[in-house]
Amino acid sequence: MHATSERAAIGIDIGGTAIKGGAVTSTGHVLAQRETPTDNHAGIESIIAQIALMVSSLQDEDAVKSREIVGLGVGVPGLVDYRDGRVINCANLPGWENVQIAKLLDDRTGLGVSMENDANNAALAEARIGAGRGSDSMALLTLGTGVGSGLIICGSLWHGAGATAGEIGHTIVQPGGRRCTCGQQGCLEVYASASATARRVVEAILTGAKSILSERVNSGHPLNSADVVEAAKAGDAVGRQAWDESCKYLAMAAINLQHTLDPKCIVLGGGMSAAGDFLLANVNRQCAEMMSSRLGTLPDIRLAKLGNDAGFIGAALNALDA
Ligand SMILES: [Zn+2]
């Protein structure tokens, strides 16, 4: 039971393909939720209108009407300055550069708006009510097209001196390595994301390696990390090697996080985390092989619990913190 006096906020997660939103209480209870495809060809104004519509539709729900809605939290898949609610840039949303999204949404909804990077919101949600529940320090890595991440320190999101902290996906793990979309070479996300894992298999097959995935690749079908997992589980050497390599880079990232922050736990989320124990066991094994026990205990690595809802739940929790 939730007392009607329990505060709530609305959280919105803007993705490249869908906008998800919900009204969420301070204990993480979702009162109502919505999802709609992102209209990302029609410019910022149309997305702002989509969000305003979603917010008013959520406010019309009986379960929401009885609550005090204290604010609106919004997450975007890009670099955000939370201090002035400005989106600095956003690879999947053309035109979202140096725009005061918080101000635009505040004008439309009348709610105080808190802007965040989407992975930061997901980290907050996992730390408060998900896999990291009860942890006052945590790192989240979301393994999808890229590697998103967020850091929780002393129970709150860590933003750093210039609001750009927690970009673990762009820590360099291979000097002079593959070029990343950010412009650097050798970023973690070009070695350990779901896309990087699948790409490694495609490249091996196109340069002549034999695999149970050869026919699919040679006929032009795209692969994802789930295909690689299936091949690796079936004993396919190409699939196994690609999977081991991604897990090696994730183990490297986990060890570096452990030595830097000694967080209570490190949570793995995103599409690739659907591999479950097959992912966890491999990363843990490689951590144990690489890390010196003289420098402390192995990282406590866990699987994310909130799935695709983490973004909007965290956005709402962030608004409740504001
Ligand atoms: Zn990068």
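The following legends describe close-up views of a predicted model.

Residues are numbered from 1 along each chain as its sequence is written. Because the model is predicted, local features need pLDDT of at least 70 and side-chain atom pairs count only at pLDDT 80 or more, whereas totals for chains, interfaces and linings use all residues.

View 1. The protein chain is assigned domain 1 (8-127 + 309-321) and domain 2 (134-304), with bounds taken from an automatic or database domain assignment. A distance of 27 Å separates the C-alpha centres of domain 1 and domain 2. Domain 1 contributes 14 residues to the contact and domain 2 contributes 18 residues; two residues are in contact if their C-beta atoms, placed from the backbone, lie within 7 Å. On the side of domain 1 that touches domain 2, strand S5 (79-81) and H4 each supply at least two residues. The largest share of that side, eight residues, comes from H4. By class, the side of domain 1 that touches domain 2 holds nine nonpolar, one polar and four charged residues. In this classification Ala, Val, Leu, Ile, Met, Phe, Trp, Tyr, Cys and Pro count as nonpolar, Asp, Glu, Lys and Arg as charged, and the others, Gly among them, as polar.

**View 2. The sheet S3-S2-S1-S4-S7.** Five strands in the order S3-S2-S1-S4-S7 form an open sheet with mixed pairing. Helices (H or I, at least four residues) and strands (E, at least two) are DSSP runs numbered from the N terminus, and two strands pair if DSSP finds at least two bridges between them. Strand S3 (30-37) and strand S7 (113-117) are the edge strands, each pairing on one side only. On average, neighbouring strands of this sheet are turned by 15 degrees against each other, direction ignored. Five bridges connect strand S1 (residues 8-14) with strand S4 (residues 69-76) in the parallel sense. Leu72 in S4 is the bridge partner of Ile10. Helix H1 (residues 43-59) lies across S1, strand S2 (18-25), S3 and S4, and runs at about 35 degrees to S2. Axes are lines fitted to C-alpha atoms, for helices over the stretch in contact, and angles run from 0 to 180 degrees between N-to-C directions.

**View 3. Helix H4 against helix H11.** The axes of helix H4 (residues 118-129) and helix H11 (residues 310-321) come within 7 Å and cross at roughly 80 degrees. H4 is therefore roughly perpendicular to H11, a term that covers angles of 65 to 115 degrees, while angles under 35 degrees count as roughly parallel, over 145 as roughly antiparallel and the rest as oblique. Residues of H4 in this contact include Asp118, Asn121, Leu124 and Arg128, and those of H11 include Ala310, Ile313, Leu317 and Asn318. The residues of the contact of H4 with H11 comprise eight nonpolar, four polar and three charged. H4 also lies across S1, S4 and S7, running at about 100 degrees to S7.

View 4. Glu116 is placed in strand S7. This residue is buried, with 27 other C-beta atoms within 10 Å; a residue is buried if 20 or more other C-beta atoms lie within 10 Å of its own, exposed if 12 or fewer, and partly exposed in between, with C-beta atoms placed from the backbone. Leaving out residues up to four places away in sequence, Glu116 touches Gly73, Gly75, Val80, Tyr82, Asn121, Ala315 and Asn318. Gly78 is 38 residues from Glu116 in sequence, and their C-alpha atoms are 8.8 Å apart in space.

**View 5. The sheet S10-S9-S8-S11-S12.** An open sheet with mixed pairing is formed by five strands in the order S10-S9-S8-S11-S12. Strand S10 (156-157) and strand S12 (301-303) stand at the edges, each with a single partner strand, so one side of each is left without a neighbour in the sheet. Strand S9 (residues 147-153) pairs with S10 in the antiparallel sense over two bridges, and Ile152 stands opposite Leu157 in S10. H4 lies across strand S8 (138-143), S9, S10 and strand S11 (265-269), at about 50 degrees to S9.

**View 6. Strand S8 and its partners.** Six of the six residues of S8 are buried. Met138, Leu140 and Thr142 point one way from the strand, and Ala139, Leu141 and Leu143 point the other way. S8 runs antiparallel to S9, joined by six bridges, and a hairpin of three residues links S8 to S9. Leu141 has Ser149 in S9 as its bridge partner. Five bridges join S8 to S11 in parallel, with Thr142 opposite Gly269 in S11.
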